[in-house]
Structure formats: structure tokens, C-alpha cells
Amino acid sequence: MKITVLSGGVGGARFLRGLLAVVPPADVTIIGNVADDLEILGLRVSPDLDSVLYALAGLSDEERGWGRADETWNALATVSELSGDAWFKLGDRDIGLHLVRTQMLSEGSTLTEATARLVAAYGLESELLPATDDPVRTFLQTPAGTFPFQTWFVERGHRDEVDAVHYAGAPDAAPALGVVEAIDNADLIVITPSNPYVSIGPILAVAPIREALARRNAPCVAVSPLIGGQAVKGPADRMLTRLAGGTTPAHVVGCYPGLIDALVYDEADAPAELPAGVHGVVTRTLMTDADARRRLAQAVLDAAAAVA
Ligand code: FO1
């Protein structure tokens with residue numbers, strides 16, 4: 001069974017670890033968000049692609065959720081001493097990956113090619129595709145001004161309420177090679193438990209990707225990122241409250257109009273009334289350990305079987 005996963009952020013990477021424990025990794029194509037990407041200290045950083053790479057390679061820092069385990073921070077300390085941009089914390093090991101990616105891009109490779117090389121180097125069997133090779137970037141409009149994603153999220157600690165989300169570059173962006181085919185040819189499409197606005201939204205903002213999902217033949221199952229109406233980490237709950245008017249499973253479904261057939265959501269949010277045509281599956285969604293991750297992945301497969 002071919003499974004295509006739309007993934008963003010830390011929740012996406014955690015979910016994928018569970019999924020790849022219950023299905024053959026070679027059956028899975030991952031489409032990653034790239035609108036969080038940034039250029040900093042001369043390096044091209046793709047946080048959401050890297051969260052997937054590190055998670056699948058068994059290299060991620062489990063507690064932090066981003067970056068590598070056993071990290072050291074010597075380069076960043078020097079950046080700090082020299083009054084450079086140290087607000088975005090790049091560890092020494094992580095920097096090594098950014099050096100390789102940045103060199104490949106500066107020599108003319110696409111992000112898709114650079115990512116494929118990293119996937120191969122780590123011996124991963126799943127395919128990891130950036131949603132697009134074009135520069136799509138998320139901007140948050142807030143009462144304090146409009147900020148690029150990482151400025152708002154990391155530098156300002158996502159303290160500003162969000163009035164609107166913009167995906168700069170999306171109207172002109174083309175899907176990366178293989179992305180639309182992966183959706184068209186999938187037997188199952190999954191949307192990971194990620195922030196609908198800043199993790200999945202930028203993928204769907206690329207029109208041919210959204211269109212492929214809208215005309216899907218395969219079931220599309222989303223996992224809610226909220227538990228008891230609250231985000232496990234990050235600003236998803238505050239964003240849904242302000243932008244969607246609430247944090248129930250129905251509000252999550254409302255972020256994906258016409259695009260999903262089932263929503264897997266937490267028992268703390270049950271019972272929920274979902275819009276017609278969207279099947280609900282209730283389970284425990286907190287991914288505390290390998291067992292919990294596997295159970296959640298299995299719930300997604302069960303949801304797919306129920307709506308197929
Ligand atoms: N998140 C933070 O909260 N603070 C950081 O300093 C930070 C650095 C960082 C470096 C590399 C990387 O791949 C991710 C990093 N993240 C950091 C996470 C990242 O900003 C977000 O988790 C994602 O962009 C959200 O999808």
C-alpha cells in the first residue's frame with residue numbers, strides 16, 4: 001500500500017516514526033513543509049525537512065523535538081561572542097548538515113536533489129520531498145507587525161496573536177518533482193498532527209498540491225494536533241481560537257475543507273460532531289513513547305479502512 005504523508009513540524013516527525021514502525025518505510029512518501037525555511041549565517045536551514053530526517057535516522061533530540069541528540073553548541077557560542085545572529089540555535093552537528101545542503105544549493109542543485117542526497121546518506125528507505133523547490137515563506141500578521149515565521153516563532157517566542165497568515169511565493173510556486181504524482185498514486189494520504197496554519201497550510205497553498213488532494217481517489221486521514229482543545233506544544237490552539245473560532249475537532253476539520261475523509265482525534269475531545277462526510281476516530285493521540293506512536297499510526301490505518 002502506497003502512503004503519502006503531508007508533514008510539518010515536530011508533530012509530523014514524531015508521527016512518522018510511529019507510522020514507519022507499522023508499515024514498510026519504502027511504501028511511504030513524505031511531502032514536507034518548506035515555508036519555515038530560513039537563510040541565517042549564510043546557511044540554508046529547512047527545519048521541517050530536518051526534523052523528519054533526524055527522526056527517521058534516529059538522530060533527533062526527543063525532548064527538544066528539533067535538532068540533533070548529543071548536540072554541542074560551540075559554533076553558536078562563537079557567533080554570540082561576535083554579536084552574530086545567535087537567536088536561532090544551530091548546534092554543531094546540525095550545522096554540518098546545513099553546510100552540505102547550502103553548498104549543494106549554491107552549486108545549482110534543487111532542494112529536492114539536496115534532500116534526496118541527505119535521505120540516501122542516512123540510509124532512509126522512505127522518499128522525502130519538499131513540497132516545492134520554489135521559495136514559499138510563511139509570514140504572520142500580528143498587532144505588533146508582520147513577521148517571517150522564525151522571527152515570530154523563535155525570536156519573539158510566538159507571543160504575538162496572529163490576525164492572518166500569508167504564504168509569500170505560493171501563488172507562483174510549482175510542486176516539486178514527484179509531489180503531485182505521490183498524491184495521485186497513493187492508496188492512502190495522511191495529514192500529520194501538525195499546526196494546520198503554519199505546517200500544513202503552506203503545503204496546501206501550492207495550488208496544484210491542493211488540487212491533487214481535492215480530486216484524490218484515495219482516502220485522506222488527518223490527525224488532530226489538539227488534545228482537549230489544547231496544543232501539546234506551540235501556538236496551534238491560540239491560532240485556531242482566533243482564526244477558526246474554536247478548538248474542537250470540527251474546527252480542525254474546517255481547516256481542511258473538502259480535503260479529508262476522516263479525522264483521528266483524542267478521547268479528551270470526544271464526543272465530537274464532525275461535518276457530514278468526515279468520519280471520526282477517537283483514540284489517545286499523545287505520542288509519549290514508541291508504543292503510543294505505533295498505536296496512533298494504527299488508528300490512522302484503521303480510519304482509512306473504515307472510509308475506503
Ligand atoms: N525552535 C526553537 O524554538 N528555537 C530555536 O532556536 C530553534 C532552532 C532550530 C534549529 C534548527 C532546526 O531544524 C529547528 C530549530 N527550531 C528551533 C525548531 C523550528 O523553529 C520549529 O520547530 C519548526 O520550524 C516548526 O515547524
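## Ligand site

In this predicted model, 14 residues surround the ligand, and the closest are D36, D48, F88, K89 and Q150. The largest share, 4 residues, comes from helix 6. Helices are DSSP runs of H or I with at least four residues, strands are DSSP runs of E with at least two, and both are numbered from the N terminus.

Polar contacts are pairs of N or O atoms within 3.5 Å; within protein, one atom must be able to donate a hydrogen and the other to accept it, and residues adjacent in sequence count only if both atoms are side-chain atoms. At D36, a polar side-chain atom lies 2.7 Å from an oxygen atom of the ligand. An N or O atom in the side chain of Q150 is 2.8 Å from a ligand oxygen atom. For K89 the polar atom belongs to the backbone, and it is 2.9 Å from an oxygen atom of the ligand. Taken alone, the ligand exposes 540 Å², and the protein buries 89% of that. Accessible areas come from the Shrake-Rupley method with a 1.4 Å probe; for residues, only the protein chains shown count as cover.

The space taken by the ligand is the largest pocket. A pocket is an open set of points on a 1 Å grid over the protein atoms alone, where a 1.4 Å probe fits, with protein on both sides within 12 Å along at least five of seven lines. A molecule sits in a pocket if more than half of its atoms lie within 2 Å of the grid points.

An open sheet of 7 strands has the order 5-2-1-9-10-13-14, with parallel pairing. Two strands pair if DSSP finds at least two bridges between them. Strand 5 (127–130) and strand 14 (279–283) are the edge strands, and each pairs on one side only. Neighbouring strands of this sheet are turned by 20° against each other on average, direction ignored. Axes are lines fitted to C-alpha atoms, and angles run from 0 to 180 degrees between N-to-C directions.

Within this sheet, 3 bridges join strand 9 (residues 188–191) to strand 10 (residues 220–223) in the parallel sense. I191 stands opposite A222 in strand 10.

Another open sheet has 3 strands in the order 7-6-8, and its pairing is antiparallel. Strand 7 (145–148) and strand 8 (164–168) stand at the edges with a single partner strand each, so one side of each is left without a neighbour in the sheet. The twist averages 25° from one strand to the next.

Strand 6 (residues 137–142) and strand 8 run antiparallel and are joined by 5 bridges; T138 has Y167 of strand 8 as its bridge partner. Strand 6 also pairs with strand 7 over 4 bridges, where L140 is partnered by F147. Strand 6 and strand 7 form a hairpin with 2 residues between them.

## Backbone details in loops

The peptide bond from A270 to P271 is cis, with omega near -5°. P271 is in the loop between strand 13 (262–266) and strand 14. D70 is a residue other than glycine with a positive phi, near 50°. The place of D70 is in the loop between helix 2 and helix 3 (74–81).

## Basis of the values

Residues are numbered from 1 along each chain as its sequence is written, and side-chain values use heavy atoms, with hydrogens and water left out. Local features need pLDDT of at least 70 and side-chain atom pairs count only at pLDDT 80 or more, while totals for chains, interfaces and linings use all residues.

Conventions
Near = heavy atom within 4 Å. 1 Å grid on protein atoms, 1.4 Å probe; cavity = no way out; pocket = protein on both sides within 12 Å on 5 of 7 lines; lining within 4 Å.
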